[in-house]
Amino acid sequence: MQYLFAGVIFIVLAAGFLLLAMLNKKTPKPAGCEDLKPECSGCKNISCGIKIANKIKAKGEEN
Amino acid sequence: MELIALFFGAVLINNVILSQFLGICPFLGVSKKTSSAIGMGAAVTVVIVLASTITWVINKFVLTTLDIMFMDIIVYILVIASIVQLLEMLMKKFMPPLYKSMGVFLPLITTNCAVLGTVLMNINNGHDFVQMFIYSLGIPLGFTLVIFLFSSIRERLEHAPIPAPFKGLPIALIVATFMAAAFSALKGMF
């Protein structure tokens, strides 16, 4: 029974996250905020989502 | 008195960056400019207070009641990620000026271990609701204080005559060491 509750809670939270992420993606950015970039270069965290996104963008612009 | 000690302890003595070494990524990455540092601090404060409150309620009334504490970390991570998405969406829609100044830091906060750290410490230390709220307010304020002080020093260091090998991150890390030493001197105050 415990595991059933755990599964249900996980599914509810994961679905909530996915729904919010989708709604967030669909919400248009306010004028002037289309290309906001953080001024971070110091932490060297290779798994940082922002760093990866910036790299992909830069590569796309090069090509 | 106990709550005041808890608050100032969270801000100064058990400082999340200099004493617990959490949230080092934004501490080093977003501290080049004072304005960015304040924006990051404000965003972290909002997320930590909200995340701590929601996870405390979930822990008390769902995880403990159903005896599924083994789910704690995964539940907290999902709650934090959802809060960040919700905040970003609300800011985009209703507070464009705030989104312009803070929105860029929100994705960084999802992976900020200071948020998960505060949530876990609240649960592990057995705080009641008031203690949890005071602690969750003190931790991000300590984060904001330290990142603001650090960014002010880094801004001044930009114009200081520093030997080339020490410019940039090396001198920043040396400054962080001195700041940690200075903050450690506050131990025993409360």
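In the predicted model, Phe21(B) is exposed, because its relative accessible area of 56% lies over the 50% cut-off. Phe21(B) is placed in the loop between α1 and α2 of chain B. Its backbone has a positive phi of about 55 degrees, although Phe21(B) is not a glycine. Asp67(B), likewise not a glycine, has a positive phi of about 60 degrees; this residue is found in the loop between α3 and α4 (72-94) of chain B.

From Met1(B) to Val104(B) the separation is 103 residues in sequence and 38 Å in space, C-alpha to C-alpha. Gly29(B) belongs to helix α2 (residues 24-29) of chain B. With a relative accessibility of 2%, under the 20% cut-off, Gly29(B) counts as buried. Gly29(B) and Ala160(B) are separated by 131 residues in sequence, and their C-alpha atoms are 20 Å apart in space.

Two packed helices are described by the angle between their axes and the distance between the axes. For helix α3 (residues 34-63) and helix α7 (residues 113-124), both of chain B, the packing angle is about 40 degrees and the axes are 9 Å apart. An angle under 35 degrees would count as roughly parallel, and the range from 65 to 115 degrees as roughly perpendicular; α3(B) and α7(B) are therefore oblique to each other. Their crossing is right-handed.

Helix α8 (residues 129-157) of chain B comprises 29 residues. From its first C-alpha to its last, α8(B) reaches 42 Å, close to the 42 Å expected at 1.5 Å a residue. The N-terminal end of this helix is capped by Asp128(B), of which a side-chain oxygen lies 3.2 Å from the backbone nitrogen of Val130(B).

A disulfide is a covalent bond between the sulfur atoms of two cysteines. Over all chains, a search of the whole structure finds zero disulfides. Cys113(B) is partly exposed, with a relative accessible area of 39%. Cys25(B), at 25% relative accessibility, also counts as partly exposed.

Notes. Residues numbered from 1 in each chain as written. Chains lettered and ligands numbered in written order. Predicted model: local features only at pLDDT ≥ 70, side-chain atom pairs only at ≥ 80, totals over all residues. Heavy atoms only, no water. Helix = DSSP H or I, 4+ residues; strand = E, 2+ residues; numbered from the N terminus. Expected span 1.5 Å × (residues − 1). Polar contact = N/O pair within 3.5 Å; in protein donor to acceptor, adjacent residues only side chain to side chain. Disulfide = S-S within 2.5 Å. Buried < 20%, exposed > 50% of the residue type's maximum accessible area, 1.4 Å probe, protein only. Axes fitted to C-alpha atoms, helices over the stretch in contact; angles between N-to-C directions. Parallel < 35°, antiparallel > 145°, perpendicular 65-115°, else oblique. Left-handed = near helix turned anticlockwise from the far one by under 90°.
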